[in-house]
Amino acid sequence: MSIVKQAPVLLVIIPLLSAFLVNILGLINRKYCFPVAALAIFGSFAASVITLIRVIENGVIHYRLGGWPPPFGIEYVVDHFNALVLVTVSFVSLMAVLFSKESIKKELPDKIPQFYTLFVLLVTGLLGMTVTGDAFNLYVLLEITALTGYALIAMGDNRALVASFNYVILGTIGASFYLLGVGHLYIMTGSLNMADLLNILPGLYSVNAIFIALLLILVGTWIKMAFFPMHGWLPNAYTYAPSAAGCLVAPLVTKVSVYIMIRIMLSVFSAEYVYEVSGLSDTVVWMAVIAIISGSILALAQTDFKKMLTYLIVAEVGYMVGGAWLASSTGLTGAMLHIVNDALMTLCLFIFAGIVVYKRGGHQLQDLAGLYKKMPVTMTAFTVGALSMIGVPPTAGFFSKWYLILGAIDAGRYHFMVALLVSSLVNAILFFRIIEIAHFEPRMDHHGGETEKNIIDEAPISMLVPLIIVALCLIVIGLYSGDIVTNIIQHSVPTGLL
Amino acid sequence: MQSILADYNYWIYILLMMIGLYAMLAKNNLVKKVIGMSIFQTAIIVFYVSIGAKKHASIPIIAHGHGAVEAAIDVAHYANPLPHVLMLTAIVVSVGTLGVALAICLGIYRRYNTLEEDDIQEQLQ
């Protein structure tokens with residue numbers, strides 16, 4: 001069963017090599033690009049599932065690249081938490097690639113090989129960041145993800161180039177801060193292996209350079225995840241990206257950055273250092289409160305559906321950062337579960353936005369008018385996604401929010417609880433406004449007359465299938481979230497917290 | 001003063017970094033922003049390279065004479081190669097970023113016929 005043992009590395013290598021293959025085959029015939037890309041991502045998904053099952057059965061996996069023992073070689077470490085994130089990332093990518101087939105034919109017909117090459121490379125970067133146990137290797141993969149992301153976003157419509165340029169500048173500052181933080185850690189410890197750093201650091205807790213390293217790494221990851229007020233690049237970049245690229249980038253890049261923050265907090269520094277010695281906990285939770293409230297208010301002000309979603313992402317990032325810094329095990333559980341749930345919810349809503357763009361050619365709120373009668377299946381799936389975003393049981397969004405609120409109460413940080421409730425309320429207003437527009441307003445032409453008859457006119461089947469699967473997943477994960485927490489997440493939450 | 005002189009490499013990298021950051025955030029011309037980004041990344045490369053250097057140290061290759069017994073190796077005689085090797089990767093990354101940024105600048109110039117940020121914002125309104 002040697003192939004099973006290689007799964008942690010295969011899930012990165014398969015998409016990496018396929019990126020070259022997609023590019024070469026694209027020169028011969030662009031019809032080959034989609035199947036190769038989809039197969040590669042399916043391969044990663046299969047490898048991730050195998051890895052998750054092995055982790056649940058046998059515990060943490062350490063994979064030594066080239067057989068070099070750590071701390072000299074690069075090591076892949078898969079524990080319960082990142083196995084879960086791996087499955088989420090590869091699943092979301094798989095759904096996004098299925099959705100992209102028709103969407104890309106309409107939006108970028110002459111850039112298909114380039115699009116799929118970048119798409120598969122972006123997945124490689126995301127999976128690599130998740131699986132690696134080496135702080136510098138993480139930087140390289142962070143930049144692979146970022147560079148492919150810039151290019152994918154720049155392929156979008158009119159304003160995308162300017163949005164992508166701002167993203168390049170801010171993204172580079174973020175990655176450079178991360179690299180600088182790792183440099184500080186390296187000067188103090190002489191190591192880059194995360195497990196090794198975790199062992200060396202306790203003796204150095206009183207040194208200022210370690211605190212600066214933590215701050216630099218945090219600011220770097222915060223810029224990458226668009227944590228308010230460092231979110232400036234996100235709304236335009238994700239709004240004007242091609243629909244299919246948005247479906248991959250919007251759910252995953254911010255979530256994987258949150259994962260990195262939690263990984264650095266718990267596996268490089270320790271829970272003891274970040275929550276007690278550093279004294280940052282209170283400040284960061286307050287910042288998260290501001291992020292949640294501002295993201296929600298800014299979302300209310302939008303008339304563009306996709307832009308509204310991007311501000312909701314800013315608010316959701318606040319949920320996860322706040323949950324991770326509550327210093328309570330329930331809050332941390334909530335943050336980890338919310339990474340999975342939020343990736344799926346965002347994917348659901350962005351696929352829906354992609355379908356609207358495909359059918360109506362725009363993403364203003366008014367473009368949604370009359371959709372319930374025209375596209376009943378699409379709208380049902382959208383409603384599930386919206387309810388999950390609001391946090392209505394039994395959808396997945398309710399359960400992670402519930403853990404976050406319990407965590408806030410455990411930690412005695414009621415302002416965070418209030419922020420979560422306010423944000424849920426705002427989400428309810430936002431989505432019921434959309435449901436109202438889509439349900440009751442007929443679509444008007446420029447003269448104020450009804451232009452279209454209510455004939456069912458659904459999106460192509462290859463767009464509907466991923467949307468329906470994701471919507472079902474939101475309900476299924478909601479129903480099984482207790483099992484996910486006890487069998488997977490609990491093992492990665494450090495003991496000794498509140 | 002003594003400590004400033006002793007750690008001059010850190011002061012140089014901080015100075016370079018601030019120049020880069022200023023150019024990235026304050027300049028109006030997109031290519032100047034890209035140059036600022038490049039300076040910013042170079043500052044970090046300088047930082048890493050300087051931490052691996054030592055006075056009176058040689059390259060980290062251990063010479064073996066034929067049949068000779070290995071002499072005792074004194075770490076102080078060799079520079080630390082790891083930060084330098086890391087920076088080879090970081091240089092590749094920064095060249096990649098520079099390429100993507102310039103390609104986007106080219107696209108912007110073709111569409112808006114200018115590289116000044118305020119002109120572009122005007123056209124976008």
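Ala226(A) lies in the loop between H9 and H10 of chain A, helices being DSSP runs (H or I) of at least four residues, strands DSSP runs (E) of at least two, both numbered from the N terminus. The phi angle of Ala226(A) is positive, about 60°, although the residue is not a glycine. Ala226(A) counts as buried because 28 C-beta neighbours lie inside 10 Å; the cut-offs are 20 or more other C-beta atoms within 10 Å for buried, 12 or fewer for exposed, and partly exposed in between, with C-beta atoms placed from the backbone. The loop between helix H9 (208-225) and helix H10 (234-240) of chain A also holds Pro229(A), and the peptide bond from Phe228(A) to Pro229(A) is cis, with omega near 5°.

The model is predicted; local features need pLDDT of at least 70 and side-chain atom pairs pLDDT 80 or more, whereas totals for chains, interfaces and linings use all residues. Residues are numbered from 1 along each chain as its sequence is written, and chains are lettered from A and ligands numbered from 1 in the order in which they are written. The predictor assigns the complex an ipTM of 0.92 and a pTM of 0.93. For chain B, the average pLDDT (the predictor's confidence in each residue, from 0 to 100) is 86, and 90% of the residues score at least 70.

Chain A contains 21 helices and two strands. Of its 498 residues, 61% count as buried.

Leaving aside residues up to four places away in sequence, Ile153(A) touches residues including Ala160(A), Tyr167(A), Ala237(A) and Val249(A).

At the interface, 21 residues of chain A are in contact (C-beta atoms, placed from the backbone, within 7 Å) with 24 residues of chain B. On the side of chain A that touches chain B, helix H6 (135-154) and helix H7 (160-189) each supply at least two residues. The largest share of that side, 13 residues, comes from H7(A).

Conventions:
Two residues are in contact if their C-beta atoms, placed from the backbone, lie within 7 Å.
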